[in-house]
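Subject: Structure handover

Hello,

Here is the structure for you to take over. Please look through it first; my notes on what was found follow below.

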Amino acid sequence: MSEPRVRRAEIAIEQEHVDRVYRRLAELRAQAEAMRTKGYEIGHGAQREAVFEQASMLFERDMMVFHANQTLQTLDAEYEGLVFGRLDQTSGEKVYVGRLGIRDAEFDNLVTDWRAPAAAAFYQATAEEPMEVVRRRVIRCSGQNVLDVDDDVLIPDAVPEEMQVVGEGALMAALGRSRGEKMRDIVATIQREQDEVIRAPWRGVTEITGGPGTGKTAVALHRAAYLLYRHRRQLGGAGVFVLGPSGVFTNYISRVLPSMGETNVELRALGEVLDGVVATRQDPAPLAAIKGSLRMRKVLTRAMRDAPPGVPDEIRIVYRGEVLKLRGKELEKVRRKVHGHGGPPNRSRVRAAETLLEALADKAEEHARADGRSVDRAELITELGERIDFHRFLVVWWPVLYPGEILRWLGDPARLARVGKGVLARDEVAPLAASFADRDKDWTVADIALLDELRVLTGQPPKRKRRAQSVELDAAPAARGVEHHGPHRPEHYDEYSHIVVDESQDLSPMQWRMIGRRGKYASWTVVGDPVQSSWPDPAEAAQARDQAFGPRTPRRRYTLRTNYRNSAEIFDLAARVVAGHAEAGELPKAVRTTGLEPDLRIVERAGIEGTTQTAAKELMDAVEGTVGVICAMDRVAEVQGWLQGRADERLKVVGSLDAKGLEYDAVVLVEPTELITESTTGRRVLYVALTRATQQLTVVASDREWL
């Protein structure tokens with residue numbers, strides 16, 4: 001029988017099984033809907049029963065409805081190919097592998113969940129260690145239709161005469177597929193080195209390192225799905241937190257976990273971690289380096305303890321005909337004494353009142369001694385403490401502090417220089433103050449960690465004094481809310497059971513502190529690549545990272561060494577650019593070739609716009625999937641203007657920092673030297689941009705220095 005006829009016959013066999021699975025899926029859905037309806041009927045019946053029976057019936061109703069809704073949510077998830085694999089074992093048993101486990105009415109397995117131990121061989125078996133698998137088949141579907149099959153024979157001597165073998169292997173076929181706007185899951189093509197990471201123990205810290213295209217992000221997300229499946233009791237209730245570098249990135253990966261049936265996961269970008277505010281604007285690299293340094297914690301602590309702008313510098317209060325006064329230096333001594341106890345100021349107003357009253361009593365005793373009199377100290381403190389004029393002064397002199405207000409106060413260069421003395425260099429004060437002073441601009445991504453630090457330093461405002469959440473964080477301008485991917489949780493939630501950090505090599509020390517607060521009780525999966533780092537002081541970041549992890553053990557580290565994304569031709573150029581910044585063995589190996597070398601177009605500066613437009617059009621015609629145009633961060637709006645007339649959803653313009661973690665079928669890279677000069681880590685950022693393309697790369701430049 002010819003290869004096409006064999007393939008068609010095998011597709012028909014798999015289609016028959018897939019049809020059976022979907023029929024069973026429809027039955028399960030109908031059963032769940034019936035259970036939900038019955039639950040509601042029980043609820044209506046409870047209203048007519050005696051009071052002592054109502055509680056039991058309502059509890060039964062709630063449990064039935066909850067279980068039914070959970071089942072329907074799982075069954076209704078968008079599964080692109082519910083069944084994707086089959087194992088033919090030496091025992092003759094056939095095991096189908098898919099996105100969730102399904103049994104027939106007799107409880108026989110129709111599909112084994114990819115996370116179950118019985119499915120491990122689908123990812124781990126090799127010709128050297130076949131794990132009793134004769135043939136491993138990947139089934140490619142669109143909806144409920146089987147499109148193709150690809151086979152790997154692992155034990156050739158055990159192949160029965162009637163077994164047909166077709167295809168070229170699923171992985172290489174998948175590598176050639178065009179990219180869409182969202183990241184796809186890789187459950188059908190997980191490789192053995194990736195599967196080992198996915199199934200690693202959940203406790204402690206699991207670090208995943210590897211170069212571009214090694215599948216680090218996909219592996220981390222699949223690990224989250226696997227852990228929720230295998231350890232749902234330990235992890236499911238508190239939930240999983242996934243941190244990405246940007247909103248562009250989190251939107252790109254947002255479909256992966258829901259497509260595997262996992263919805264108890266919260267997905268946020270670095271600029272969205274703090275509830276009540278969202279930031280997308282990036283600081284220039286030198287300024288971001290100042291804001292991200294651990295030095296800023298000392299600056300913020302001093303700023304919090306400094307007298308707020310406009311507070312009175314004198315208290316005058318009459319006690320039994322005598323005027324008691326405390327002036328500026330005396331009031332500052334009182335303020336320092338209160339802060340010396342170490343409590344958060346928003347929880348220290350009572351202590352501030354007591355200390356201020358003690359100082360007034362000291363003043364009264366000083367006057368009395370000069371006149372040869374005595375003062376009943378306890379009576380004075382009690383009487384003044386009940387006076388309305390004293391409390392009016394206290395409210396103004398010891399106000400409730402809000403993180404955004406404190407950060408805006410540092411827009412005053414004189415104040416910032418004072419609280420930053422011995423911490424900030426003289427030439428750092430002006431740009432830092434200017435960034436805080438501009439009330440017309442939103443916060444930057446680096447500011448979010450500073451606001452979160454101040455949130456903890458100042459403490460929760462008293463409940464009876466609390467204002468709206470946005471005002472608590474930032475009195476001017478009001479913070480903007482953001483919708484996060486995942487379930488709604490309490491404000492500033494810090495009880496996550498597992499945290500996934502992607503692009504970890506770029507987190508500043510202050511950002512590590514912010515994330516560490518959310519992971520006090522969590523195990524961690526941390527993804528990164530030192531060669532792609534845009535943070536200038538990796539040692540300081542490592543210190544903050546270790547503090548965020550705390551004493552958790554064990555710590556395990558995995559390195560992924562195979563680049564599945566880039567063609568060898570594209571990656572060779574990227575490796576050449578970053579060669580002086582990578583240690584031996586840090587760069588991955590690209591496993592496929594296309595014969596298409598990167599297209600380097602060196603033109604006059606005046607010709608950059610036209611050449612970019614031409615290159616984008618050519619690549620749009622050449623590939624079926626997405627085309628990314630990558631440029632320096634401060635060029636994004638300009639380049640978007642160049643391409644404004646090309647209304648095609650496949651074409652995306654993105655800045656160098658926002659390109660991290662993304663991939664496109666083809667890329668136009670604009671002015672690579674600008675990517676080097678805009679970052680404190682130079683060529684590492686360019687290396688990232690050069691490794692976003694899967695098929696074709698065009699570089700438009702006005703010089704050759706980047707080479």
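A salt bridge here is a side-chain nitrogen of Lys or Arg within 4 Å of a carboxyl oxygen of Asp or Glu, and a residue counts as buried when its relative accessible area is under 20%. The model is predicted, which applies to everything below.

D658

What is D658 in contact with, leaving aside its neighbours within four places in sequence? The residues are S246, V248, Q282 and M633.

The sheet around β2

An open sheet of mixed pairing is formed by 6 strands, in the order β3-β4-β2-β1-β5-β6. Because β3 (102–103) and β6 (145–153) each have a single partner strand, they stand at the edges, and one side of each has no neighbour in the sheet.

Going through the pairings inside that order:

- β1 (residues 83–89) and β2 (residues 94–98) are antiparallel, with 5 bridges. L87 is placed opposite V95 of β2. The two strands make a hairpin with 4 residues between them, and in its turn G92 has a positive phi of about 95°.
- β2 and β4 (residues 109–113) are parallel, with 2 bridges. Here G98 is opposite D113 of β4.
- β1 and β5 (residues 133–142) run antiparallel and are joined by 5 bridges. G85 faces V138 of β5 in this pairing.

As for cover, β2 is mostly shielded: 4 of its 5 residues are buried.

Nonpolar cores

In soluble globular proteins, nonpolar side chains tend to be buried together. In this model the largest nonpolar core has 68 residues. The residues with the most contacts inside that core are W114, V242, L669, L686, L690, L697 and W706. Taking L697 from that list, and not counting residues up to four places away in sequence, it touches I570, L573, P598, D599, V667 and L690. There is also a second, separate core of 53 residues, which includes L300, L407, L450 and I515.

Regards

Methods:
Residues are numbered from 1 along each chain as its sequence is written. This is a predicted model: local features need pLDDT of at least 70, side-chain atom pairs count only at pLDDT 80 or more; totals for chains, interfaces and linings use all residues. Side-chain values use heavy atoms; hydrogens and water are left out. Contact means heavy atoms within 4.5 Å. Buried means under 20% relative accessible area, exposed over 50%, partly exposed in between (1.4 Å probe, protein chains only). Two strands pair if DSSP finds at least two bridges between them. A nonpolar core is a set of buried Ala, Val, Leu, Ile, Met, Phe, Trp, Tyr and Cys residues joined through side-chain atoms within 4.5 Å.
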